[in-house]
Amino acid sequence: MILLISATIGFSVIAISPNFSDAESELKTFITHSGKVIRTSGEVIDPLYTVSTVEFDPMEYLREFNYGNISKLPDGTTVREYTIIAEDDKVMEVSPGVFYNVWTYNGTVPGPTIRATEGDLLKINFINNGSKEHTIHFHGIHPAGMDGVFEAVGPGGGKFVYEFEAGPVGVHPYHCHVMPLEEHIIHGLYGVFIVDPKEGREPADEMVMVLNGLDTDFDTENNFYAANTIPFYYQHHPIQINTNELIRVYVVNMVEFDPINNFHLHGNLYNYYPTGTDLIPSFYTDMITLSQTERGIMEFEYTYPGKYLFHAHKVEFSEKGWVGIFLVTDNVESDESETEYGS
Ligand SMILES: [Cu+2]
């Protein structure tokens, strides 16, 4: 086969007539995670993905709660309906120049923060648009058939409706439970599930922080750590809060591979409610230690304005991205950020 490539470079014409027979015999065929068939004589680096990027704004995610589509049963029970779509072919620039194949619920890592009140009936319409089997396994109390473990949902549009009563009160993770579990979690199939007490909680500036790690070179060790996926994000974009206003952080540790994580707050201490299941705090501290999927609620107020760090006191983690700043001022309108229950 003779291939003639005519390229105009200035006024010169380059003719190439290589013998492709050797190269042709070495062509490798492989399928990308989006199902595309590729043939190449070059190096096949797996995984290789199509250019389908994820845009994720950690500042938006921080205070965004999904209360679902609300309706009522004849007996007055509130029904909340959510749709969650899994995909596994997206690429996200997690740090400048570092592209990582994320597996997503509704297009982001973490997935949406699902929020309900204890006793509500939840219907989660799950659609798997990925190329592998996925599920949603909620932590909490529900029937065995709603546990998202033995009911793998097939790729390419498989569906399942998870239906259960919201409970117990607290902050819980949800995540995919298909094996190898570590792989499905480290790629990003997880999110936060908040169950509010019927009487609500004291009004506060509320936020969600998922502590996560990224193994970008597939050696089962994390290369980056973060609060809400993007390393150093809240250091470069400090979280603005007010003096003398109650701050409530729902914190969930989803770091794989490393057995512990922790959360240290500067210039202050916080009341800590492990798993958020009790309305009376267990600790008043500036440091908690969290193992995989351990979580809780932190509450605090700042008296003095200024910049305050929060970070893993496992210094390796903070130096690889799990660090942020609260920018405390005493002149910001506070009404907008307060949670309205039952909304
Ligand atoms: Cu999965």
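Biologist: Buried means under 20% relative accessible area, so what share of the residues of the protein counts as buried?

Modeller: This is a predicted model, and of the 343 residues of the protein, 48% count as buried by that cut-off.

Biologist: And how many helices and strands are there in the protein?

Modeller: The protein has five helices and 24 strands. Among contacts between residues at least 6 apart in sequence, 67% join residues that are at least 24 apart.

Biologist: Let's go to the metal. Which residues coordinate the copper ion?

Modeller: Three residues coordinate the copper ion at 1.9 to 2.1 Å, and they are His134 through ND1, Cys176 through SG and His184 through ND1. Written as a spacing along the sequence, these donor residues follow H-x41-C-x7-H.

Biologist: Are His134 and Cys176 buried or exposed?

Modeller: His134 counts as buried, at 0% relative accessibility, and Cys176 counts as buried with a value of 0% as well.

Biologist: There is another histidine I'm curious about. Where is His139 found?

Modeller: His139 is found in the loop between strand S10 (137–138) and strand S11 (158–165). With a relative accessibility of 17%, His139 counts as buried, because the cut-off for that class is under 20%.

Biologist: Which residues is His139 in contact with, leaving aside its neighbours within four places in sequence?

Modeller: With those neighbours set aside, His139 is in contact with His172, Pro173, His175, Phe193, Thr293 and Arg295. With His175 there is also a polar contact, made between the two side chains at 3.3 Å.

Biologist: Changing topic to charges, what does the count of salt bridges come to?

Modeller: The count comes to 10 salt bridges. One of them joins Arg80 and Asp120, whose closest N and O atoms are 2.6 Å apart. Arg80 belongs to strand S6 (residues 78–95) and Asp120 to the loop between strand S8 (114–117) and strand S9 (121–128), so this pair ties together parts that are 40 residues apart in sequence.

Biologist: Which residue forms a salt bridge with Lys90?

Modeller: That partner is Asp89, and the closest N and O atoms of the pair are 3.5 Å apart. Asp89 and Lys90 are both buried.

Biologist: What about Arg115, which residue does its side chain meet in a salt bridge?

Modeller: The side chain of Arg115 meets that of Asp196, with a distance of 2.9 Å from N to O. Arg115 lies in strand S8 and Asp196 in strand S13 (residues 190–196), so the pair ties together parts that are 81 residues apart in sequence. Arg115 counts as buried at 0% relative accessibility, and Asp196 is buried with a relative accessible area of 2%.

Biologist: Which residues are linked with Arg115 in a network of salt bridges?

Modeller: The network links Arg115 with Asp196, Glu206, Arg248 and Glu299.

Biologist: Now the rings. How many aromatic pairs are there by count?

Modeller: The count comes to 22 aromatic pairs. Among them, Tyr105 and Tyr174 form a tilted pair, with 5.5 Å centre to centre and 45 degrees between the planes. This pair links distant parts of the chain, as Tyr105 is in strand S7 (residues 98–105) and Tyr174 is in strand S12, 69 residues apart. Both of these tyrosines are buried.

Biologist: And what kind of aromatic pair do Phe310 and Trp322 form?

Modeller: Phe310 and Trp322 form an edge-to-face pair, at 6.0 Å centre to centre and with 65 degrees between the planes. Phe310 is in strand S23 (residues 306–311) and Trp322 in the loop between helix H5 (315–319) and strand S24 (323–329), 12 residues apart. Phe310 counts as buried at 0% relative accessibility, and Trp322 is also buried at 0%.

Biologist: Which residues form one aromatic cluster with Phe310 and Trp322?

Modeller: The cluster brings them together with Phe263, Tyr270, Tyr272, Phe283, Phe300, Tyr302, Tyr308 and Phe326.

Technical notes
Residues are numbered from 1 along each chain as its sequence is written. This is a predicted model: local features need pLDDT of at least 70, side-chain atom pairs count only at pLDDT 80 or more; totals for chains, interfaces and linings use all residues. Side-chain values use heavy atoms; hydrogens and water are left out. A salt bridge is a side-chain nitrogen of Lys or Arg within 4 Å of a carboxyl oxygen of Asp or Glu. Helices (H or I, at least four residues) and strands (E, at least two) are DSSP runs, numbered from the N terminus. Buried means under 20% relative accessible area, exposed over 50%, partly exposed in between (1.4 Å probe, protein chains only). A polar contact is a pair of N or O atoms within 3.5 Å; within protein, one must be able to donate a hydrogen and the other to accept it, and residues adjacent in sequence count only if both atoms are side-chain atoms. Contact means heavy atoms within 4.5 Å. Donors are N, O and S atoms within 2.8 Å of the metal (3.2 Å for Na, K and Ca); water is not among the atoms, so sites may look incomplete. Rings of Phe, Tyr and Trp (its six-membered ring) pair if their centres lie within 6.5 Å; planes under 30 degrees apart count as stacked, over 60 as edge-to-face and the rest as tilted.
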